[in-house]
Amino acid sequence: MNTPKNNQENIITGLITKSIAGSYFVEAGDAVFICKARGVFKNRNTIPVAGDFVEFDKDKKVITAILPRKNELIRPNVSNVDNLVIVSSFEKPAPSTLFIDKLCVIAISKKIRPIVVFNKCDLGDFSQYIDVYQKAGIDVVEISAKNDFNCDKLLEYFDSQITVLCGNSGVGKSSIINRLFGDLSLKTAEISQKLGHGKHTTRTTELFKHDKGYIVDTPGFSSLLISENIKIKPEELADCFPEFEDYLGCCSFSDCAHTGEKGCAIIKAVNNGIIANSRYESYKQIYADIKSADRW
Ligand SMILES: Nc1nc2c(ncn2[C@@H]2O[C@H](COP(=O)(O)OP(=O)(O)OP(=O)(O)O)[C@@H](O)[C@H]2O)c(=O)[nH]1
Ligand SMILES: [Mg+2]
Ligand SMILES: [Zn+2]
């Protein structure tokens, strides 16, 4: 009997670990398939990205469907993210709470767990920052990748499928990955050689495999356009600050924006020292950013 041309048996599911110039590296079991995407995706304004689970024809090497995404980050462009590790360091550059808080909002709004990491604690004391995030109910760890201090505490956060590291250039993201998974770059080299490709460039978003999941090392960036990664309404922002939760619904006005209104329960908690000042300042700044972006 002849085999039908579009044999369903050829269609299997895999995970995109990187894309280069329209070629997608799809991992399925122990094998990697370099696939093209069907033109139909472009027409629908959706193209496959790293982190996508896809169905593909393993003989024709064509991606036929993208499975529903849990979430998607724009920069780096990766989907189905479980954890966002937000790395700061003691100096060069010093931590910016606004920057950290923006990234926490992006994570929480996309149902990603934020983990705030202060690296280079061999250079100084982070306790004031640790206190801010502990109070906020956000996971926070101070480490020294150089001295291998507390790095094992981070390991528990890498137990999920996809973890993305982000933060300014020079804070130590690559050092942390090397400290935790020293053999990762080696593993990548093996795969690249097998496929006959050169060294990977840091510009590409790539999922590196380790024992329990995948890790994405974002090349450093000095600023982040919140509007690019965040699509929430101003009134939804308070839900992205976990420490506000107990006070929501307790303000004098039911439509309180918590930006200076009379009888605001959030402001009261800030004045009582229960909510950290820097977190509240970030809230007001991000609220203003979203409001002004909304107008356009
Ligand atoms: N003192 C000290 N230096 C560190 C520590 N961790 C990393 N460094 C140094 O910080 C510098 C930058 O580290 P990287 O790991 O390259 O930083 P990165 O975040 O990957 O930077 P980009 O790739 O540019 O985004 C290097 O010189 C590291 O040796 C630490 O815990 N303590
Ligand atoms: Mg790096
Ligand atoms: Zn309020």
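## Exercises on a predicted model

Ring pairing gives twelve aromatic pairs in this predicted model.

**Exercise 1.** Classify the ring pair Phe-241 and Tyr-283, and state which parts of the chain the pair ties together.

*Solution.* 
- Start with distance. The ring centres of Phe-241 and Tyr-283 are 5.5 Å apart. Centres must lie within 6.5 Å to pair.
- Next, the planes. They stand at 85 degrees, so the pair is edge-to-face; the cut-off for that class is over 60 degrees.
- Now place the residues. Phe-241 sits in the loop between α7 (226-229) and α8 (265-271), and Tyr-283 in helix α9 (residues 277-294). The pair therefore ties together parts 42 residues apart in sequence.

**Exercise 2.** Are Phe-241 and Tyr-283 buried or exposed?

*Solution.* 
- The cut-off for buried is under 20% relative accessible area.
- Phe-241 has 1%, so Phe-241 is buried.
- Tyr-283 also comes to 1% relative accessibility and counts as buried.

**Exercise 3.** Find a cluster of linked rings, then a lysine over a ring face.

*Solution.* 
- Follow the ring pairs. They join Phe-90, Phe-118, Phe-126, Tyr-129 and Tyr-133 into a cluster.
- Then look at Phe-25. Lys-18 lies over the face of this ring, 4.6 Å from its centre.

**Exercise 4.** Trace the strand order of the closed five-stranded barrel and examine its β1-β2 pairing.

*Solution.* 
- The order is β1-β2-β3-β5-β4, and the pairing is mixed.
- On average, neighbouring strands of this sheet are turned by 55 degrees against each other, direction ignored.
- Take β1 (residues 11-20) and β2 (residues 23-28). They pair in the antiparallel sense, over five bridges.

**Exercise 5.** Describe helix α2 (residues 97-109): its length, its burial and what follows.

*Solution.* 
- Helix α2 has 13 residues and reaches 18 Å from first C-alpha to last. This is close to the 18 Å expected at 1.5 Å a residue.
- Buried residues of α2 include Phe-99, Ile-100, Leu-103, Val-105 and Ile-106. Asp-101 and Lys-102 are buried as well.
- After α2 comes Lys-111, with a positive phi near 60 degrees.

**Exercise 6.** Which element gives the largest share of the largest nonpolar core?

*Solution.* 
- Size the core. It holds 55 residues, and Leu-84, Phe-118 and Leu-237 have the most contacts inside it.
- List contributors. Elements giving two or more residues include β8 (83-89), α2, β9 (113-119), α3 (127-135) and α9.
- Helix α2 supplies the largest share, seven residues.

Definitions and conventions. Residues numbered from 1 in each chain as written. Chains lettered and ligands numbered in written order. Predicted model: local features only at pLDDT ≥ 70, side-chain atom pairs only at ≥ 80, totals over all residues. Heavy atoms only, no water. Phe/Tyr/Trp six-rings, centres within 6.5 Å; stacked < 30°, edge-to-face > 60°. Helix = DSSP H or I, 4+ residues; strand = E, 2+ residues; numbered from the N terminus. Buried < 20%, exposed > 50% of the residue type's maximum accessible area, 1.4 Å probe, protein only. Lys NZ or Arg CZ within 6 Å of the ring centre and 35° of its normal. Pairing = 2+ DSSP bridges. Axes fitted to C-alpha atoms, helices over the stretch in contact; angles between N-to-C directions. Expected span 1.5 Å × (residues − 1). Core = buried A, V, L, I, M, F, W, Y, C linked by side-chain atoms within 4.5 Å.
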